[in-house]
Amino acid sequence: MRRTERFPVEGSNSLWQVYRTVSFWKVLRNALVIHIARYTPFLGLKNWMYRTFLGMEVGEKTAFGMMAMIDVMFPERIRVGRDCIIGYNTTLLAHEYLIDEYRLGDVVIGDQVMIGANTTVLPGVVIGDRAVVGAGSVVNRDVPPGAFVAGNPIRVIRQGEEKRERGGGERERNT
């Protein structure tokens, strides 16, 4: 179950009313920062921009892949732990605008999480420490620590954390 706050609207759809919910100038500034960060190859600079201009919490040694898309309206509601990899063209959303309402929810990504390319993380989800999200997934609910999930919507492929060795594991030692 995603944890989102719901805000009903009347009249036109909620996206048409976007500047009643968030400042135009905030969206403009965020869009410029995100656009520059999406193309910069300098991981430290990218993290600094997210922390300084967007108000995100980003842990040490976290790497956002090229073209990663951060929520343009509410990036301050996204927290990413340390030593994570956010894959190429992944989208992290803290909002969703629907016809009769809009919803906001925090996105919390634990430490040492790997999110594959072209994944969408929806608002209000928590991804536990050392979880792995397969490429092209839609994360529509919480991911337990150490789990491997994939698909649209996600399903658990492997539960819990197995001992992972660096450098090729068992096969490399036996050759």
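## Helix α3

G55 follows α3 and has a positive phi, near 75 degrees. This is a predicted model: local features need pLDDT of at least 70, side-chain atom pairs count only at pLDDT 80 or more, and totals for chains, interfaces and linings use all residues. Residues are numbered from 1 along each chain as its sequence is written, and side-chain values use heavy atoms, with hydrogens and water left out.

Helix α3 covers residues 43-54. Helices are DSSP runs (H or I, at least four residues), strands likewise (E, at least two), numbered from the N terminus. At 1.5 Å a residue, the twelve residues of α3 should span 16 Å, which agrees with end C-alpha atoms 16 Å apart. The expected span is 1.5 Å times one less than the number of residues.

K46, N47, M49, Y50 and L54 are the buried residues of α3. Buried means under 20% relative accessible area, exposed over 50%, partly exposed in between (1.4 Å probe, protein chains only). These buried residues fall within an arc of 155 degrees seen down the axis, so they line one face of the helix. The arc is that of the directions from the helix axis to the C-beta atoms. They pack against α2, β2, β3 and β4 (contact: heavy atoms within 4.5 Å).

## R77

R77 sits in the loop between β4 and β5. R77 is buried, at 16% relative accessible area. Leaving out residues up to four places away in sequence, R77 touches E5, A94, L104, G105, D106 and V107.
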